[in-house]
Amino acid sequence: MIGAAFRALSAQHSDLIARSFGWCETRSLGHFSGWKQLGGLDADEEGYHASGAIVRLSLEAGLSTRVVGKRVGIGPTTVRDTPKRFGRAGLVWPVPGAISDAELEQLLYGVPGVKPGRRKVAEPDWSVIARELNRKHVTLQVLWDEYIAEHPDGYRYSRFCDLFRNWEGRLPLVMRQHHGGGEKLFVDYAGDTVPVVDRKTGEVRDAHIFVAVMGASSLSFALATWTEQLGDWIAGHNAAYSFFGDATQLLVPDNAKVAVIKACLYDPMVNRSYSDMAQHYGTAILPARPRRPRDKAKVEACVGIIERWLLGRLRNRTFYSLAELNGAIAEWLAKLHDGRVLRQYGRTRRQLFEEIDAPNLKPLPGEPWVHAEWRRCRVGLDYRVEIERHYYSVPYRFTRREVEARICARRGYFLGASVSTRTCAAAATGGTRRSAPTCLPAIGAMASGRRQRSAARQAGSARCCAC
């Protein structure tokens, strides 16, 4: 009897409260859109939310958290939190009539569908920040100064740096390398080859793919060569510099023998011909550390892109010459550079190259580097050295001594005891002996001169070698 009477009294009390506010409950949901106002609102308009009901029952009726939760069908934690949010929002009861229930809901819990957070100020485009950092002499301090000048109420410098590092931290945790504009050119050979068919004999020969990539913009270059030897290695560099239009400050190869004779962590021994080429272009060679492929991760990733983007698309084509293969490579590289946008930066590789790398490159010399090889030779008793079955004279005072010969397609140089002597170009046939009058002793020079004049009269013409 007592329990039934209490329940009846509670129901009467709840109905009295609802009617005093001019509302009746049609259904109990977390979102209190089922409450219809009997007097002031249209019966078809759903404008009331659970937050308004909780505030009214808690602040005006003075009901407990448990009772309010049962009335509106919401857990006690939410009921307890709603009046606190009401106070933190700076509102007082009763709220002004101009504030609707939906607006009250937004004041307490924010706009639906928008993730709440602490970032209430303008946030910079971090991809633009990362791209600008690749420019020369640009630091986070400079970029923050520009940002705060545009947004005076923006993030302070420490928070600005923290947010940028967090944005960078979305990438895998590996060693990060910062590549300045026009600073490094990474070079390597791809592991896979492309078959080239000889039209006459039907012989299939594998072509090797030389790859070069800019450190800052990732603009890449590829060239097919017959071998990976020093001559083709140098030719690949010449073609790469011609493609980019200018030279970088550093060259980063791996420890292949064509680049590094003896690998060392502190002082690697670079191939002399390769070093001469770098000096010609005004660049320096910085080989990767032994067994540290991440030192040249840029070109390793580029090799993978070249193999997937080029070789995968060329797998069903048959090539009959290197020129045909290089033409197809250039065509697909143009599509890669101009048509593919890097999602991290919102730019193509070509656009990044024009913005970051191109302004910081060094101008190329007037002529490309001519490949030359070095050999050690011993001067014979006739003050000549033998190179590929050709015999060239050197100053007689170097007889029985060891000299270094630098051989190229047009001329040769002999170095020894800080003396350099130039000889004529190699003859077409082997076994030729060439002498210069200044290389011979006084008596020998006179005798040699008489023999040359006699041979010239007999042949009708004479061609002498100049030192």
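Which residue lies over the face of Tyr320? Arg199 does, at 3.9 Å from the ring centre. Keep in mind that this is a predicted model.

**Charges over rings**

A second case involves Lys335. Lys335 lies over the face of Trp332, at 4.1 Å from the ring centre.

**Aromatic pairs**

The structure holds 14 aromatic pairs. One of them joins Phe244 and Phe353. Their ring centres are 6.0 Å apart and their planes stand at 40°, so this pair is tilted. Phe244 belongs to helix H9 (residues 230-244). Phe353 belongs to helix H13 (residues 349-357). Is Phe244 buried or exposed? Phe244 counts as buried because its relative accessibility is 5%. Phe353 is also buried, with a relative accessible area of 5%.

Elsewhere, aromatic residues gather in a group. Trp126, Tyr147, Phe160, Phe164 and Trp167 form one aromatic cluster.

**Helix packing**

Two packed helices are described by the angle between their axes and the distance between the axes. The table gives these values for two helix pairs.

| Helix pair | Angle | Axis distance |
|---|---|---|
| H4 (residues 76-88) and H5 (residues 101-109) | about 90° | 9 Å |
| H3 (residues 65-72) and H4 | about 110° | 9 Å |

How do these angles read? Angles of 65 to 115 degrees count as roughly perpendicular. H3 is therefore roughly perpendicular to H4. On the H3 side, the contact is made by Thr65, Val68 and Gly69. On the H4 side, Pro76, Val79 and Arg80 take part. By class, this contact of H3 with H4 has three nonpolar residues, two polar and one charged.

H4 and H5 are likewise roughly perpendicular to each other. Here H4 uses Thr78, Asp81, Thr82, Arg85 and Phe86. These meet Leu104, Leu108 and Tyr109 in H5. The contact of H4 with H5 has four nonpolar residues, two polar and two charged.

**An enclosed helix**

How many of the eleven residues of helix H2 are buried? Nine are, so H2 (residues 50-60) is largely enclosed by the rest of the structure. The buried residues are Ala50, Ser51, Gly52, Ala53, Ile54, Val55, Arg56, Leu57 and Ser58. Arg56 is a charged residue, and it is on this buried list. Just after H2 comes Gly62, with a positive phi of about 75°.

How values were computed: Residues numbered from 1 in each chain as written. Predicted model: local features only at pLDDT ≥ 70, side-chain atom pairs only at ≥ 80, totals over all residues. Heavy atoms only, no water. Axes fitted to C-alpha atoms, helices over the stretch in contact; angles between N-to-C directions. Helix = DSSP H or I, 4+ residues; strand = E, 2+ residues; numbered from the N terminus. Parallel < 35°, antiparallel > 145°, perpendicular 65-115°, else oblique. Contact = heavy atoms within 4.5 Å. Buried < 20%, exposed > 50% of the residue type's maximum accessible area, 1.4 Å probe, protein only. Phe/Tyr/Trp six-rings, centres within 6.5 Å; stacked < 30°, edge-to-face > 60°. Lys NZ or Arg CZ within 6 Å of the ring centre and 35° of its normal.
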